[in-house]
Amino acid sequence: MLTLPFTKNGKKPAESNGYPLISLRGVDKLYKTAVGDFPALVNVDLDIKAGEFVSVIGKSGSGKTTLLNMVTGIDRPSAGEVWVNETAVHELGENKMARWRGINLGIVFQFFQLLPMLSVIENIMLPMDFCKTFPKNERKDRALALLEQMELADHAYKLPTALSGGQQQRVAIARGLANDPPVIIADEPTGNLDSKTAERVFGLFNELVAQGKTIIIVTHDNEMAKRASRVALIADGEIVSDKPNGVKA
Ligand SMILES: Nc1ncnc2c1ncn2[C@@H]1O[C@H](COP(=O)(O)OP(=O)(O)OP(=O)(O)O)[C@@H](O)[C@H]1O
Ligand SMILES: [Mg+2]
């Protein structure tokens, strides 16, 4: 598999300077609603080092997706700072954001967000076409290899709507890996998968961590969460526990 330099100028991961790779500092997120402001995140501090595999768990509505959206820059904090590998994500303008995100992050969305008018393979090639991370003549083979890894090669030329929920989820994972990003952010990536397939996806994530990637996943499945090296529990927008795995709460 081809690998990318960590950043465009080839800087080493920030952890080698003693700093965390991902850092949320005093992050608040208030959603404006018809009945007033709703605090979805309250004073969240979170530091993640390069090479960590972190699972975020918590009840529905506790703020897990909101937390991921702060790291990916999909949404902005109401207060506080978000740093990813020395980039101030909370300050990044929309123009720079899309390219920065495409190169640095592989995002697997809770509800997949596949483009319905593009075939499965085109969905996977899109991040590579957008960021030009791989030469044009390699992109299709790489997309097919990713689909094979997800046992979906036979579905490459179908539209996403012709696939089951679990198949679409695996396409979303393949797309998240398309640019070979150093950081993978996945929201319930195994939520629609049977336990055997979910197990395989976790196996793949563990391989990626062994290669030096940093991964944050959100999961409802406490047993799956234990497969990560660290588990952060969020309740009502606050991180109420954050422990390496194997340590009792
Ligand atoms: N755009 C929005 N406007 C107003 N409130 C929102 C918005 N998005 C999320 N919320 C609220 O913020 C809280 C956290 O939402 P979030 O989607 O982060 O939860 P979650 O932990 O990911 O839940 P789930 O496990 O169901 O996916 C919820 O109470 C939700 O209702
Ligand atoms: Mg969610």
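Mentor: Before we look at this predicted model, keep one cut-off in mind: a residue is buried if 20 or more other C-beta atoms lie within 10 Å of its own, exposed if 12 or fewer, and partly exposed in between.

Trainee: Where does Asn192 lie in the chain?

Mentor: Asn192 sits in the loop that runs between strand S7 (183-187) and helix H6 (195-210).

Trainee: And which residues is Asn192 in contact with, leaving aside its neighbours within four places in sequence?

Mentor: With those neighbours set aside, Asn192 is in contact with Gly165, Gly166 and Gln169.

Trainee: Switching topic, how many residues has the largest nonpolar core?

Mentor: The largest nonpolar core has 65 residues, and Ile185 is one of those with the most contacts inside it, along with Ile124, Leu147, Ala174 and Ile216.

Trainee: What does Ile185 touch, then?

Mentor: Not counting residues up to four places away in sequence, Ile185 touches Leu68, Val71, Thr72, Leu105, Ile107 and Ile216.

Trainee: Now the ligand: which residues come nearest to ligand 1?

Mentor: There are 13 residues around ligand 1, and Tyr31, Ser60, Lys64, Thr65 and Thr66 come nearest.

Trainee: Which element gives the most to that shell around ligand 1?

Mentor: Helix H1 (64-72) does, with 3 residues, while strands S1 (22-33) and S2 (36-48) each supply at least two.

Trainee: How many of the shell residues are nonpolar, polar or charged?

Mentor: The shell around ligand 1 divides into 9 polar residues, 3 nonpolar and 1 charged.

Key. Residues are numbered from 1 along each chain as its sequence is written. Chains are lettered from A and ligands numbered from 1 in the order in which they are written. This is a predicted model: local features need pLDDT of at least 70, side-chain atom pairs count only at pLDDT 80 or more; totals for chains, interfaces and linings use all residues. Helices (H or I, at least four residues) and strands (E, at least two) are DSSP runs, numbered from the N terminus. Two residues are in contact if their C-beta atoms, placed from the backbone, lie within 7 Å. A nonpolar core is a set of buried Ala, Val, Leu, Ile, Met, Phe, Trp, Tyr and Cys residues joined through C-beta atoms within 7 Å. A residue is near a molecule or strand if its C-beta atom, placed from the backbone, lies within 6 Å of it. Ala, Val, Leu, Ile, Met, Phe, Trp, Tyr, Cys and Pro count as nonpolar, Asp, Glu, Lys and Arg as charged, and the others, Gly among them, as polar.
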